[in-house]
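My entries follow in the order in which I checked things.

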Amino acid sequence: MAKARSRFVCQSCGQIFPKWQGQCTACQEWNTVAQEAEPGEARRVPMQTGGSLAIIQTLEEVTMERSARWPTGVDVFDELIGGGLVPGGITLIGGEPGVGKSTFMLQLVSRLGVKIKPLAYISGEESATQIKLRAERLRIGNGSDIILVSEQNIDSALNGLASYLPRLLVVDSIQTVYTQQMDATPGSVTQIRECAAILTKFGKDRDLPIFIIGHVTKDGAIAGPKILEHMVDTVLYFEGDVNSNFRILRVFKNRYGATGEVAVFQMTDKGLSPIINPSDLFISRKRTDAPGVVVVPIMQGSRCILSELQALVTQSFLTMPRRVASGVDSSRLSLVVAVLEKHAGLKFYNRDIFVNVAGGLKLSEPGGDLGLAMALSGSLNDRPVPTDMLLVGELTLAGEVRPVSQMARRINEGRRFGFSRFVVADGCELPDEKGVVRVATVRDALKAVFG
Ligand code: TYD
Ligand code: MG
């Protein structure tokens, strides 16, 4: 009997190799190449002659009815994805276990069920009873519009579902379903790719929006292939510390809208509830004038969120003083500390430094440099930053303060939250000068903030 042929496939990018190797030469990942059975001969479909013809039309002839959007009823989500679901659009929702993917999808489906029905939820992870329990907790009332399929075999799930004519499909999760057409374990790159292809075909043929839930690994990538991200129309990631209540849903890819946008949710005992004014959450109820505390405006896509940033600078008794940063890139922190030492004469070499951004937000753009620098100097010298002062600017290695993008939006958000003085870079353009203090260097900024 002929031995089943096998091949070696990178579980991250899908590259195929004739033999095993430790590092994938395509995506440079280590230990991702795994042995899989060669796909069966029967799958190789010979070139069709006289089969059905592809539809060919000019751009002008394309009718627009297919692109009508379906609002979901969860406004922050509709805004996030560019105005509602697109029939036939495939969305991947990634996130760490426990972040709230299944909860969010069940809530979204229940809201949609009011207008679009029936909806189908394929779960390879949980039993129908478990989903029912969650639905009760979430007080979902329209259970008769939601079809549950607790099944890992995607072929039988879809065959069973086809006659119910669902208008939307959720698959929870892509790592737990498999197709019998492939001789590989669920969660392997071959299964994930093939199941995604089957789902895409099912969705595009019937003009269904499909949501695919995917787990992410610790380093934040969707477990399994990156190619999954290329196969879908929209990629959303749930972020947030599982220990905190805030959840941020971020758009990484969107064929139908902008990327980088975020929606903020709070996990409550009745599921995820949208937060309309995220800045409310991330700056403390009572604004404190403790040294080392500042509020920084953080751009998340087109939206500006104000968040509290805290720095604590203490005397160090270690030969290597500690630099602990959460929510701030540690190399950014080192840069700001170096700029303060070199250009403002402050001494941090014998100090431990702790920096934290409230609510699990990440300060991933340079607009917060100036705020960080003032929080650090404030804590070092025990001087508070005035509570009506908002600091916006990037620091250069030469100790200058530079304007950043979306200045007007950041200042407007500050005004909305009661800030009246704005320390910004010299050259930046603003619609009005009310309360604006311009500085050229980090030294100027220290003078403007601490007098
Ligand atoms: P879940 O949606 O199962 O996460 P995922 O599918 O991403 O793995 O969410 C699990 C967490 O959410 C769990 O720790 C419990 C919490 N939770 C609430 O706090 N309130 C709720 O109403 C629900 C349903 C879950
Ligand atoms: Mg889940």
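I take a polar contact to be a pair of N or O atoms within 3.5 Å; within protein, one must be able to donate a hydrogen and the other to accept it, and residues adjacent in sequence count only if both atoms are side-chain atoms. The model is predicted, so that local features need pLDDT of at least 70 and side-chain atom pairs count only at pLDDT 80 or more, while totals for chains, interfaces and linings use all residues. Residues are numbered from 1 along each chain as its sequence is written, chains are lettered from A and ligands numbered from 1 in the order in which they are written, and side-chain values use heavy atoms, with hydrogens and water left out.

Ligand contacts: I found a polar backbone atom of Val99 at 3.4 Å from an oxygen atom of ligand 1, and a backbone N or O atom of Gly100 at 3.0 Å from an oxygen atom of ligand 1. For Thr103, I noted a side-chain N or O atom 2.5 Å from a ligand 1 oxygen. Ligand 1 taken alone exposes 560 Å², of which the protein buries 76% (Shrake-Rupley method, 1.4 Å probe; for residues, only the protein chains shown count as cover).

Shell: I counted 16 residues around ligand 1, with Gly98 and Lys101 among the closest (a residue is near if one of its heavy atoms lies within 4 Å). Helix H2 (101-112) gives the largest share, 3 residues (helices are DSSP runs of H or I, at least four residues, and strands runs of E, at least two, numbered from the N terminus).
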